[in-house]
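Here is a short report for a reader new to this structure. Please keep the sequence and the model in view while reading.

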Amino acid sequence: MKDEITSKNFKTKLDSELIKKSQRCTVRECDEVNPSHFESYVDELDKSYDVRIQLEKGTVIISNCECISPLPFCQHKIALLAFIARGTKPAPKITATKKIDPVKQALEQADPEKIRDWILRTLKKNKDLSIAFMNEFSDKSENYTPEEIIALTHNAVMAVTGKRRKAEVFEVKKIIDLWTELHKPILDQYFAEPANEDYFKKVHVLIDTVVEYKYRIQTNSKRFETYFKQILTQIEEIILNIRDDDTCTKCLSLLSKEFFLDGYGGIRREYTNIFVNIFNSSSAQMRARIVGITAEVYQARKDERVTDSKELLQLLLHMVVINKNFPEYKDVFRPLRHALVYNIRLIDSLIELGELNTAETYCIEQIDQNTDSTYDKDYISRLKQIYTQTKDDKKLIGVLSRELLYKPNFDNYILVRSNTEPDAQFKKWRNQVLANARQLAGFYKNAADFSLALRNSEKDFNGLLAYLDENADYDSIALYSKQLILYSAEAFIKKLITKIDSDRDNRLNMDNPAMLDEILERVYQIAALKYGVENLMLIVKAREKVYGTWANLFVKYVGRKSSAS
């Protein structure tokens with residue numbers, strides 16, 4: 001591809017100014033973590049950035065940098081790519097004798113006692129090396145207790161940063177390198193036998209401690225988060241690959257026992273996320289088991305952890321609806337305050353099941369508890385569905401009257417009006433419905449049409465004329481043109497030729513001008529029938545003397561017909 005960046009063409013493909021900036025950067029600690037996958041720190045002035053580049057046959061396929069540059073290839077990536085390019089050039093052939101490694105030579109010649117003394121002194125001065133040494137040569141790496149794993153993880157951080165709460169990017173890399181070696185035997189032990197409860201406990205405290213440091217240490221590096229996410233991904237993959245349902249169930253049960261953080265800290269979402277991902281990838285039979293595990297944890301802890309259990313309850317509903325287990329678990333669920341999506345999903349499931357009385361009760365309870373009527377809309381919609389199914393006309397009229405306050409619909413308005421006494425309270429409601437419809441008229445055609453239809457039904461032609469404004473489109477105006485001409489032809493034609501075009505008509509003129517012409521022709525025929533073609537043309541020309549060159553779509557249409565004739 002012509003836009004590909006390679007280790008050979010980057011100097012010609014990328015911006016020359018960025019190339020210059022990259023030459024002022026320093027690349028250090030460049031690691032090839034996998035073949036052609038490089039990670040490094042790139043220093044620019046007093047700042048350091050974690051940069052990654054992955055190549056395939058010399059072409060950059062993945063690149064990441066911690067800087068906030070919006071460019072796809074910043075100067076830090078260029079600096080690392082240039083460093084890689086220099087390092088991957090074929091080395092010149094050297095026809096020299098084989099060189100002896102001086103360190104190896106010194107090690108072979110040194111006294112063993114002196115080596116031990118030197119190693120001991122060096123390890124005392126470098127705590128991170130000391131921890132790595134202990135892990136490499138200790139025979140206890142697979143037999144740590146959970147408490148020892150916490151201490152080991154903690155000590156690795158202390159060895160690098162001391163008591164500081166802030167860590168530089170290169171220090172975080174050192175911590176992760178230590179953790180990777182320290183934790184490997186613990187993780188390997190669990191991965192080999194994931195249903196073993198003792199092994200899980202060790203991995204659990206390991207994850208918990210790592211997650212804690214993600215929030216405890218202040219750093220610009222994202223390696224803490226990347227590290228524990230990699231562990232969680234491995235756990236998820238291990239469980240997904242288990243073919244025995246009983247073993248898989250046991251693994252998930254171990255995870256579920258740790259859903260709740262200690263005290264009242266909420267839910268461990270890193271564990272519930274694993275549950276959701278495995279649920280989404282499992283068979284219906286295994287999904288049913290996962291639902292059962294989740295329900296069991298919720299029932300056991302719901303009274304003890306009322307606030308935190310709400311999150312688990314929402315997850316449980318999501319699972320039972322997807323797996324069609326709702327009839328089995330319907331009695332577990334209750335509405336929650338400030339959980340609209342969950343509540344509506346619960347009510348919809350009850351309606352689908354035919355539990356209409358319970359669904360109605362939940363809708364009314366939530367409406368009564370809401371302090372903002374905006375949140376009533378979804379519940380009112382469900383009540384409308386319930387009363388339509390039960391053919392309870394009296395309650396349906398009440399619900400429609402509330403729905404009309406935010407969702408204008410002329411047929412529903414007529415239904416409510418025909419079943420309501422026209423008293424002062426009705427008049428107040430009617431005015432509110434109309435006022436809300438006028439506010440929505442600029443955004444929704446049905447709201448604009450509702451206002452016109454209401455005025456027309458009340459024979460309020462003055463009000464109808466007043467609504468022929470920028471919110472009324474010509475399609476709607478055509479419906480009432482005959483009535484308005486009969487009422488006041490002069491007032492109607494004046495409104496028609498001076499009104500501002502609606503946004504809907506302007507869009508139609510751009511998207512489908514032929515359809516707009518058909519609509520304008522209907523209005524034109526009604527007006528011409530009253531005034532005659534020649535008089536209508538004269539009226540339009542007279543308008544030009546007052547308004548100059550400005551003309552709405554109807555006036556322009558009449559002008560085109562005049563020119564054509």
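## The model and its strands

This is a predicted model. Start with strand β2, residues 37-44, and strand β3, residues 47-56. The two strands run antiparallel, and eight bridges join them.

Ile 53 stands opposite Ser 63 of β4. The hairpin of β3 and β4 has two residues between its strands. In that hairpin, Lys 57 has a positive phi near 55°.

## A domain from the record

UniProt lists residues 49-85 as "domain: SWIM-type", in an unreviewed entry. How much of this stretch is helix, and how much is strand? The chain over residues 49-85 is 30% helix and 41% strand. Its end C-alpha atoms are 19 Å apart.

## Aromatic pairs

The whole structure holds 14 aromatic pairs. One of them joins Trp 179 and Tyr 227. This pair is tilted, with 35° between the planes and 5.8 Å from centre to centre. Trp 179 belongs to helix α8 (residues 169-192) and Tyr 227 to helix α10 (residues 223-240), so the pair ties together parts 48 residues apart in sequence. Both Trp 179 and Tyr 227 are buried.

Another pair is made by Tyr 413 and Trp 429. It is stacked: the planes are 10° apart, and the centres are 5.8 Å apart. Tyr 413 sits in helix α20 (residues 410-418) and Trp 429 in helix α21 (residues 424-440), so this pair ties together parts 16 residues apart in sequence. Tyr 413 and Trp 429 are both buried. They also belong to one aromatic cluster, together with Phe 410, Phe 426 and Phe 450.

## Charges over rings

Two lysines deserve a look. Lys 77 lies over the face of Phe 73, at 5.8 Å from the ring centre. Lys 499 places its charged end over the ring of Tyr 474, 5.0 Å from the centre.

## The largest pocket

How much space does the largest pocket hold? The volume is about 410 Å³. Its lining is made of 19 residues. Nearest the centre lie Val 211, Phe 228, Leu 232, Arg 269 and Glu 270.

Which elements give two or more residues to this lining? They are α9 (197-216), α10 and α12 (269-280). Helix α10 supplies the largest share, with six residues. Helix α10 also holds Tyr 227, the partner of Trp 179 in the tilted pair.

## A buried arginine

Arg 268 is placed in the loop between α11 (245-256) and α12. Is Arg 268 buried or exposed? Its relative accessibility is 2%, so Arg 268 counts as buried. The cut-off for buried is under 20%.

Glu 258 lies ten residues from Arg 268 along the chain. Their C-alpha atoms are separated by 7.4 Å.

Notes:
Residues numbered from 1 in each chain as written. Predicted model: local features only at pLDDT ≥ 70, side-chain atom pairs only at ≥ 80, totals over all residues. Heavy atoms only, no water. Pairing = 2+ DSSP bridges. Helix = DSSP H or I, 4+ residues; strand = E, 2+ residues; numbered from the N terminus. Phe/Tyr/Trp six-rings, centres within 6.5 Å; stacked < 30°, edge-to-face > 60°. Buried < 20%, exposed > 50% of the residue type's maximum accessible area, 1.4 Å probe, protein only. Lys NZ or Arg CZ within 6 Å of the ring centre and 35° of its normal. UniProt positions renumbered as here; feature names shortened; annotations may be inferred. 1 Å grid on protein atoms, 1.4 Å probe; cavity = no way out; pocket = protein on both sides within 12 Å on 5 of 7 lines; lining within 4 Å. Points joined across faces, edges and corners; volume = space filled by probe spheres on them.
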